[in-house]
Amino acid sequence: ASMQLFRVYKITKPINGKFEIYAEHISYELRYIPVNPFSVEASPNACSTALSMLKSKSIQTNKFNFSTDVQTVANFGIQVPISVRNALGGTEGSILDNFGGEFEWNNFDVTLHRARGSIFPVMSLRYGKNIIDLKQEENIEQTITGVVPFWSTSDKTSVKMLPEKVVEI
């Protein structure tokens, strides 16, 4: 496996000389990239097309690459702006929900496999053993710098968006 990027979002002050460092995989940045509504017709290439559309319909810069070997024939659609991460999985109607498969997160490469076929053991991270460097950045995780304003009917059949795709706060 290649080295993976993690974003440190919290570092505790030591009481007994031990810091606690909280980090998450770089792929969680996909929570902060909104995507405009779109739909894809059912076909063997629908999953691949939907993943391509996630990048092309992203409202903000999306430096992630998406690929798949899934050929499940299904429709896919996003009715209102949501985050790319939610469009991928964890919500009803997501790509994972519609097409099935298992995600592989490799830094900025996101691959949806029909089946990955292996289980990785639990790993303990230790400085000097498998962590060779640590760089601290200020935590701005909870800071919101813009919103995607839209209005939708309760059944999501009608969506109205402002000409300004993102309104900076």
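## Ground rules

Two strands count as paired here if DSSP finds at least two bridges between them. The strands themselves are DSSP runs of E with at least two residues, helices are runs of H or I with at least four, and both are numbered from the N terminus. With that in hand, five bridges join β8 to β9, and the two run antiparallel.

This is a predicted model, so local features need pLDDT of at least 70 and side-chain atom pairs count only at pLDDT 80 or more, while totals for chains, interfaces and linings use all residues. Residues are numbered from 1 along each chain as its sequence is written, and side-chain values use heavy atoms, with hydrogens and water left out.

## The chain overall

The chain has three helices and 13 strands. Of its 169 residues, 27% are buried, meaning under 20% relative accessible area; exposed is over 50% and partly exposed is in between (1.4 Å probe, protein chains only). The accessible surface comes to about 11600 Å², and 53% of that belongs to carbon and sulfur atoms. Those areas come from the Shrake-Rupley method with a 1.4 Å probe, and for residues only the protein chains shown count as cover.

Now for contacts, which are heavy atoms within 4.5 Å. Among the contacts with a separation of 6 or more, 52% are between residues 24 or more positions apart.

Take the open sheet with the order β5-β9-β8, whose pairing is mixed. Its edge strands, β5 (65–68) and β8 (102–106), each pair on one side only. On average, neighbouring strands here are turned by 20° against each other, direction ignored; axes are lines fitted to C-alpha atoms, for helices over the stretch in contact, and angles run from 0 to 180 degrees between N-to-C directions.

On one side, β5 pairs with β9 (residues 109–113) in the parallel sense over four bridges, and Ser 67 stands opposite Thr 111 in β9. Helix α1 (residues 46–56) packs on this sheet and touches β5 and β9, with its direction at about 175° to that of β5. In the antiparallel pair of β8 and β9, Phe 103 has Leu 112 of β9 as its bridge partner.

## Two positive phi values

Most residues other than glycine have a negative phi. Which residue in the turn between β8 and β9 has a positive phi? Asn 107 does, at about 55°, in a hairpin with two residues between the strands. Asn 107 is buried, because its relative accessible area is 15%.

Lys 156 also isn't a glycine, and its phi is near 60°. Lys 156 sits in the loop between β11 (150–152) and β12. At 41% relative accessible area, Lys 156 is partly exposed.

Tyr 22 belongs to strand β2 (residues 21–25) and is partly exposed, at 30% relative accessibility. Leaving aside neighbours within four places in sequence, Tyr 22 is in contact with Arg 7, Val 8, Tyr 9, Lys 10 and Thr 12. Tyr 9 is 13 residues away from Tyr 22 in sequence, but their C-alpha atoms are 5.9 Å apart.

Elsewhere, Ile 144, Val 147, Leu 162, Val 167 and Ile 169 make a nonpolar surface patch of about 460 Å². Patches are made of residues with over 30% relative accessible area and no salt bridge, joining like charges within 9 Å and nonpolar side chains (Val, Leu, Ile, Met, Phe, Trp, Tyr) within 5 Å. A salt bridge is a side-chain nitrogen of Lys or Arg within 4 Å of a carboxyl oxygen of Asp or Glu. Leu 162, in the loop between β12 (159–161) and β13 (167–168), is partly exposed at 40%.
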